[in-house]
Amino acid sequence: METKEHKLDACESCAFYNAAQLKKLGVNVENADYIIALAGNPNTGKSTVFNALTGLRQHTGNWAGKTVTRAEGGFSYNDKHYKIIDLPGTYSLLSTSDDEEVARNFILFGRPDVTVIVADASRLERNLNLVLQVLEITNKAVLCLNLMDEARRHDIQIDERTLAKDLGIPVVATSARSGEGIAELTQTIAQVASGEITCKPHKIKNLSLKVNDAVEQLSKKLVSAYPDLPNPRWVAMRLLDGDQRIIHALKEGELTV
Amino acid sequence: MNKDKQDQTEEIIDFASSLRWKVGDDFHDKLTEAIYSDAASITSRVETKGDEEKSYYFDTMLDKVLTSRKFGFPIMALILSVILWLTIQGANYPSSMLNTLLLEIIYPFLKSLSLAVGLPWWLDGFILDGVYMAVAWVIAVMLPPMAIFFPLFTLLEDFGYLPRVAFNLDGLFKKTGAHGKQALTMSMGWGCNAAGVVATRIIDSPRERLIAIITNNFSLCNGRWPTQILIATIFIGALVPSAFSGTVSTLAVISIAFVGIAFMFLSSWLLSRTMLKGEVSTFTLELPPYRPPRFWKTIYTSLIDRTIIVLWRAIVFAAPAGAVIWLISNINIADVSLASHAIDFLDPFGILIGLNGVILLAYVVAIPANEIVIPTVLMLTVAHFGISEFGAGDGVMFELDSVSETENILKTGGWTLLTGINLMLFSLLHNPCSTTIFTIYKETKSLKWTSVATFLPIVLGLVVCFLITQCWRLVM
């Protein structure tokens, strides 16, 4: 008897045991404790990850731009309720297409508790462009390295630990289509949301001295004017780019908490 | 915000503008370069790749074939044909099984039950012969083809074929002044036009999006496939020996689908030269990697999601339509039913365009949903021509066990090969169903464009049927 009980304890103390408790909530996301945004390049399987997390069945398909409406869902994990928003897929947050605007505005103004960036493991370099931009906006992010099965099929290996260290955020390898890694993803989201894991996100490095200097000067000014501004460097870069929407937001005080 | 803060903000914005002069106007490019080089340096540290050429060999080869100038179009036609053939052939058996169950076992049982309870004749007729019959027919005829067509289509979609279709058709779309991504919304329309209209959101330019919305109706939708299949089997399949009739009717249906594509191009071209003039916008089309679809999961989700949802919609629309049909067939003015009055009124015009009053009335009654046109036609024909050997009475929607019985009824109603061909064309070229019209309004927020999308196809349909009929009568 004793050994059996002991075994159970060991099992329950294991963090992943909780994944089994994952209660799928469907769209009933009233009174959410945390808001989670799902960002990523088109056709990286965001909607599949969304479905795997929420138990919903958003239609998925193998073509870019499938998600045309912003889908919302939720799940609960360890007595906490999470509301999750599937953003349209974008390659960048720097230009001004409607999709990019929706995604950027949500991360910027919606202030999600965690931003999950879904990346195609078989096309890492291209996907990192968006990851690096998101990391300039938010401090709380998780990289979901999806389509690992595809990467394996194309004989691509990725050193997830080094990647996590370089990006300064947790990296979870998944194949959402078969459910691989979803339990770990859920747990990591919860840990970042609760502050158990703190992120030190990578900031864009390879700027020329002159440009970097301008960014630094401007962000210093921003910090002294708005001590609460969560992403002064990014706002500085947008101002230097002459982004009218951000100038407007700054004037209206939309950017500070 | 207080005055102080406002001043501070203005100061920062001014400072930013002055810095912008120093940095130069290529800040955007410099930032993008920095991001790219960061991404590249991180990737080089964490990624190990095998022989790239070898690992993408399959994808590259497949793309070479599927998007080649020579084979791209024939392969598209072939794939569409195989899917349709499987749908047409495969749907026969489950359809007749459902038919037996719903109409030969459950219907008589309900009838005897209502007799035992002593329901008044009009209530019994209204509920069982009107509402129940309409619903049963829609389930028996629509469920099997949908349950085959949707999963097959979804498998193709998950595999990554649809963007290749868009790639192949891109040049043609450009020539007509439309957007290449319209190929994607067009193929979504083969499932359901309302879904196709929603999918046009992937097109950024409002002008090209409107073209895609207005012309989506030319994609033969799921509600219309069964009509096409039935009429093709009766009037065109019957022209050849029975061994070939399946193949020939499949080809006929495919031709109609391609006629639809042709009309889509034609009307896109017309629109972009008249009401919707403008530049063609450029876009990048992502050719996603091929991914082996997860077979059973795809089958399951497309069955549960698409099939059941579309079927449910059909039932919701069929029930009241069944009731209306029963009512107009059983309410008499001067000893003649409302339906017969309407048919006699519409007949001269119907004959002029190679159809007849029955078909036109059926389309009026079936505005809510395309899928109930054929049962409406059959019911009205029986009621109007007083054929007593079939059916259970006036205003009873029914499905016959065999195609040949249907054929007998239609021929008694004065149908010819010409009527069949025109019905197939008219079923392709007429106003969208009410759900699609409503969706178009929701998406465009414009009565004008909703009306254009509604009336353009029906005007085209009337003109085409009229021309074909006049030519036919000259030649034959």
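Colleague: If contact means heavy atoms within 4.5 Å, which residues is Gly420(B) in contact with, leaving aside its neighbours within four places in sequence?

Modeller: With those neighbours left out, Gly420(B) is in contact with Ile231(B) and Phe235(B). This is a predicted model, where local features need pLDDT of at least 70 and side-chain atom pairs pLDDT 80 or more, while totals for chains, interfaces and linings use all residues, and side-chain values use heavy atoms without hydrogens or water. Residues are numbered from 1 along each chain as written, with chains lettered from A and ligands numbered from 1 in written order.

Colleague: What about the loop between H18 and H19, say Asn431(B)?

Modeller: Asn431(B) is in that loop, between H18 and helix H19 (434-444) of chain B, and at 14% relative accessibility Asn431(B) also counts as buried. Not counting residues up to four places away in sequence, Asn431(B) touches Asn217(B), Ile367(B), Thr454(B) and Ile458(B).

Colleague: Let's step back to the whole of chain B: how many helices and strands are there, and what share of its residues is buried?

Modeller: Chain B has 20 helices and three strands, and 54% of its 476 residues count as buried. If you take the contacts in chain B between residues at least 6 apart in sequence, 78% of them join residues at least 24 apart.

Colleague: New topic: how do H5 and H7 of chain B cross?

Modeller: The axes of helix H5 (residues 72-117) and helix H7 (residues 162-175) of chain B come within 10 Å and cross at roughly 125 degrees. That angle makes H5(B) oblique to H7(B), since under 35 degrees counts as roughly parallel, over 145 as roughly antiparallel, 65 to 115 as roughly perpendicular and the rest as oblique. The axes are lines fitted to C-alpha atoms, for helices over the stretch in contact, with angles from 0 to 180 degrees between N-to-C directions.

Colleague: And which residues make the contact?

Modeller: From H5(B) they are Gly72(B), Phe73(B) and Met76(B), and from H7(B) they are Val165(B), Asn168(B), Leu169(B) and Leu172(B).

Colleague: Last one: what is the phi of Leu147(A) and of Asp335(B)?

Modeller: Leu147(A) has a phi near 60 degrees, a positive value in a residue other than glycine, and Asp335(B), which is not a glycine, has a positive phi of about 70 degrees. Leu147(A) is in the loop between strand S6 (141-146) and helix H5 (148-153) of chain A and is buried at 4% relative accessible area. Asp335(B) is in the loop between strands S2 (332-333) and S3 (336-337) of chain B and is exposed at 75%.

Technical notes:
Helix = DSSP H or I, 4+ residues; strand = E, 2+ residues; numbered from the N terminus. Buried < 20%, exposed > 50% of the residue type's maximum accessible area, 1.4 Å probe, protein only. Contact = heavy atoms within 4.5 Å.
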